[in-house]
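These are my notebook entries on a structure that I was asked to look up. I record each item in turn, beginning with a pair of helices.

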Amino acid sequence: KPLGISELFPFCYRRSGVCPSWGGVNRVPSAAMSLEQRPQLQLPLQQFPLLQAPVPRQQPQAQQHTVLEVSFSLAWGSRQPVDLTLRGTKSRITIGRSEDCDLQIASSSVSHTHCELFLRRKNRDALLCVRDLSKNHTGVRPLRAALGERPWHQLALNEVEVLQHRSQLLVPLRQRKGSGEEKQVPITVLFTLPDAYCSYRKEGRWLYLEKLGEGGLATVYRARDMNGSLGEVAVKVSKFSKLPEASQQNRHVYAMHREARWSMERLHNAADGRHCPEGAALFVRYLEDHTGFASHGSDDFDEVRWHFEDPAFAWGAHKFTPPLAQHPYIVMELLHGKLLQAAIEGNPPLDQAEKKAIVRGCCEALVYMERFGVMHRDFRGCNIFLMDRGPNCHLKVIDLGFMISAESRQATNPNPAVRCAWQGDPSRKIRFDWAPPEVRGGKGFPNYAHPACCFDVFSLGVLVLKLLRGRTWAQEALRTEGGLKQLDCPDEEVESLRLTKSLLLRMLDQDNPAQRPLPRHIMRVVAGDPLAAAAAAAAFAASGGAGARAPVVEVPSCGSQPKWGPPPPAKAPLEVAEPAPELPTACAEARSKCPPGPPPPREAAPENPTVPPAAWLLGQRATMVAQALPAGQPPGDGGKVLTAAAVSGDDGQGCGRSRSRSRSRGPDGLCAAPVSDHRSGISGASEVAQGRWPRKK
């Protein structure tokens with residue numbers, strides 16, 4: 001077949017107007033030439049296999065978009081709702097007076113085509129939009145405005161508005177003059193949601209009300225249980241519906257199932273020995289799981305996790321039989337509050353009492369997660385609800401979708417259900433500023449560093465920066481070259497939150513994650529323990545200040561940690577004892593030097609002590625330390641740096657278990673282990689007994 005030059009080289013001809021010299025032809029076709037007048041070439045096709053069998057070029061995976069689809073209903077008056085579906089961005093549903101409209105309204109004030117509904121793409125999401133096409137306009141308002149009887153928003157000609165579930169349209173917004181008609185039709189948009197209650201058919205369970213929030217993977221609605229006794233709840237509906245039996249996207253449904261079970265079988269499970277009502281109250285309670293994963297695997301949550309989180313598990317090849325739910329969702333308790341990030345940036349601003357309560361509540365939440373050996377990995381203001389305002393304000397942590405266990409093997413697990421892409425794109429204003437730098441490198445970087453809780457500790461430090469002076473100032477401080485070494489704010493501003501600047505800088509350490517303090521150490525400082533505050537300051541000052549590294553402490557890996565045991569019966573896990581009297585920092589903990597055999601007997605506490613319990617316990621500790629050391633030898637002659645680890649409690653059960661050791665060395669070079677008792681709130685050093693040792697600070 002004769003092929004024209006313009007057909008062989010469409011790009012060159014159309015863009016530059018120049019055809020290459022090929023086969024003795026070197027002419028530029030004129031734009032006025034017809035197709036018959038343009039030069040032709042007789043080319044043997046066997047020399048050009050691509051011309052014989054053209055292969056369509058496949059688009060990169062990142063540019064391939066799934067076809068948008070939204071199903072919804074339009075209801076007005078007492079009529080049966082009309083079920084509709086829009087597929088693709090070119091489909092239209094019209095409302096007007098014409099018989100060709102999908103929804104016909106017989107009124108002279110309604111235009112032939114009054115308005116139209118269509119889909120618009122926003123990243124991977126489909127937005128249902130309405131465009132006005134009339135002179136009498138179209139009214140739009142969300143459910144909250146309708147409940148408050150607020151006025152309609154007027155859409156001008158060709159103006160577009162995004163619709164939500166239970167948004168209302170008023171057609172027409174104004175009547176034609178002299179028409180004598182008073183016919184305005186309010187139309188309610190009802191999205192097709194799982195197990196939705198239909199007031200016309202009197203079937204279904206959840207009466208979905210307004211949308212509460214939306215993320216990249218799910219949308220949360222306020223709903224009312226019409227068949228059960230749950231009342232008003234929050235229903236989290238996955239954006240991944242109608243998935244095939246084998247699909248990579250099934251991992252998102254598993255993440256939703258996992259976050260529900262973290263709550264129901266761990267954090268809020270009263271049968272678990274680590275459960276604590278005060279700690280559980282800091283997290284949103286999950287009530288029901290409707291993802292379909294209940295029929296896959298055993299009842300043991302750990303077995304299910306390690307089956308689907310195995311590094312070799314192939315999400316794209318595994319077929320779920322029976323299939324997962326077509327419309328996965330979970331049910332949570334309904335929270336009445338405000339997102340913490342909105343409270344930080346909104347009005348009225350947070351006062352100092354509220355900020356202190358927020359910092360303390362965040363510390364307690366991290367301590368409770370550490371008790372179960374889990375990490376949140378999304379601990380930020382957008383996932384924390386601030387309940388009430390004033391000095392009695394409290395918070396609740398939401399969205400456990402990224403929560404994983406702290407086993408050491410999870411640190412490098414490549415399973416997509418465990419791994420997260422923490423790359424930030426400043427050009428799109430996407431900054432994962434709450435994620436520590438050691439995990440933001442993308443492929444080849446770990447899921448977290450050791451100890452595992454240092455991930456959430458860094459996130460808490462970023463949140464404290466935003467509490468101090470807002471998001472912009474916090475992000476500018478975190479972008480400091482060479483890491484954050486000092487803060488451009490007075491010490492009193494940080495101390496007003498019951499923290500110290502040195503401790504905050506350690507929480508934000510970008511070079512050595514193991515240097516970050518543990519949540520229980522931060523909790524002691526926030527609770528007003530002078531020992532913990534002095535230890536944090538001493539550790540930082542001994543390292544040379546903001547420009548030097550603090551002494552490295554021993555931090556065992558998560559894999560070597562013993563299993564979490566039941567909480568101590570004598571004290572609630574989140575309670576912090578009253579501040580103890582100031583103790584000398586030079587007194588050593590000489591447990592490692594104790595002679596073999598049983599420890600020396602301790603004097604029993606008197607039934608009616610005449611001295612305070614703390615003072616009596618100090619005397620007992622002084623006796624034990626004195627018996628453990630050679631006569632006349634002061635402890636820590638080699639020099640002691642008292643760190644926050646030295647004042648940590650050790651209950652042997654997890655919440656107060658010390659992961660580190662103070663670096664106190666005697667003349668023999670041995671490290672002395674800390675002597676501590678979490679129940680008294682006093683640990684680390686003992687009281688100077690009868691002037692035997694010099695008091696040092």
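**Entry 1: helices α5 and α7.** I began with the crossing of α5 and α7, which is left-handed. I noted first that the model before me is a predicted one. Helix α5 covers residues 250-267, and its axis lies 11 Å from that of α7, at an angle of about 160 degrees. An angle over 145 degrees counts as roughly antiparallel, and therefore I describe α5 and α7 as roughly antiparallel to each other. I then listed the residues that meet. From α5 they are Tyr-254, His-257, Arg-258, Arg-261, Trp-262, Glu-265 and Arg-266, and from α7 they are Phe-301, Asp-302, Val-304, Arg-305 and Phe-308. Sorted by kind, the residues of this contact are five nonpolar, one polar and six charged.

**Entry 2: an aromatic pair.** I next looked up the aromatic rings. A pair of aromatic rings is described by the distance of the centres and the angle of the planes. I counted 15 aromatic pairs, taking rings whose centres lie within 6.5 Å. Phe-293 sits in the loop between β17 (286-290) and α7 (301-308), whereas Phe-308 belongs to helix α7. The two residues are 15 apart, and the pair links distant parts of the chain.

**Entry 3: helices α9 and α14.** I turned to helix α9 (residues 352-372) and helix α14 (residues 519-526), whose axes come within 9 Å and cross at roughly 150 degrees. That angle makes α9 roughly antiparallel to α14. I recorded the crossing of α9 past α14 as left-handed. On the α9 side the contact holds Val-359, Arg-360, Cys-363, Glu-364, Leu-366, Val-367 and Glu-370, and on the α14 side Pro-519, Arg-520, Ile-522, Met-523 and Val-526. I sorted these residues into eight nonpolar and four charged, with no polar ones.

**Entry 4: helices α10 and α11.** I looked up helix α10 (residues 454-469) and helix α11 (residues 471-478) and found that their axes come within 7 Å and cross at roughly 130 degrees. That makes α10 oblique to α11. The crossing of α10 and α11 is right-handed. Helix α10 contributes Phe-458, Val-462, Leu-465, Lys-466, Leu-468 and Arg-469 to the contact, while α11 contributes Arg-471, Trp-473, Ala-474 and Leu-478. Of the residues in this contact, seven are nonpolar, none is polar and three are charged.

**Entry 5: an open sheet.** I then moved to the strands. Strands of a sheet pair through backbone hydrogen bonds, either parallel or antiparallel. In what order do the five strands of the open sheet lie? I read the order as β6-β5-β7-β8-β11, with mixed pairing. The edges are β6 (103-104) and β11 (160-162), each of which pairs on one side only. I examined β5 (residues 93-96) with β6 and found parallel pairing over two bridges. In this pairing Gly-96 stands opposite Gln-104 of β6.

**Entry 6: a hairpin.** I looked up β14 (residues 206-214) and β15 (residues 218-225), which pair in the antiparallel sense over six bridges. Three residues lie between β14 and β15, and the two strands form a hairpin. Opposite Trp-206 I found Asp-225, in β15.

**Entry 7: the backbone in the loops.** Lastly, I checked the backbone angles. The peptide bond from Val-171 to Pro-172 is cis, and its omega is near -15 degrees. I located Pro-172 in the loop between β12 (168-171) and β13 (185-191). Another cis peptide bond joins Asn-347 and Pro-348, with omega about -5 degrees. Pro-348 belongs to the loop between α8 (340-345) and α9. I also noted Arg-166, which is not a glycine and yet has a positive phi of about 70 degrees. Arg-166 lies in the loop between β11 and β12. Asp-388 likewise has a positive phi, near 65 degrees. I placed Asp-388 in the loop between β21 (384-387) and β22 (394-397).

Key
Residues are numbered from 1 along each chain as its sequence is written. This is a predicted model: local features need pLDDT of at least 70, side-chain atom pairs count only at pLDDT 80 or more; totals for chains, interfaces and linings use all residues. Side-chain values use heavy atoms; hydrogens and water are left out. Two strands pair if DSSP finds at least two bridges between them. Helices (H or I, at least four residues) and strands (E, at least two) are DSSP runs, numbered from the N terminus. Axes are lines fitted to C-alpha atoms, for helices over the stretch in contact, and angles run from 0 to 180 degrees between N-to-C directions. Angles under 35 degrees count as roughly parallel, over 145 as roughly antiparallel, 65 to 115 as roughly perpendicular and the rest as oblique. A crossing is left-handed if the near helix is turned anticlockwise from the far one by less than a right angle, and right-handed if clockwise. Contact means heavy atoms within 4.5 Å. Ala, Val, Leu, Ile, Met, Phe, Trp, Tyr, Cys and Pro count as nonpolar, Asp, Glu, Lys and Arg as charged, and the others, Gly among them, as polar. Rings of Phe, Tyr and Trp (its six-membered ring) pair if their centres lie within 6.5 Å; planes under 30 degrees apart count as stacked, over 60 as edge-to-face and the rest as tilted.
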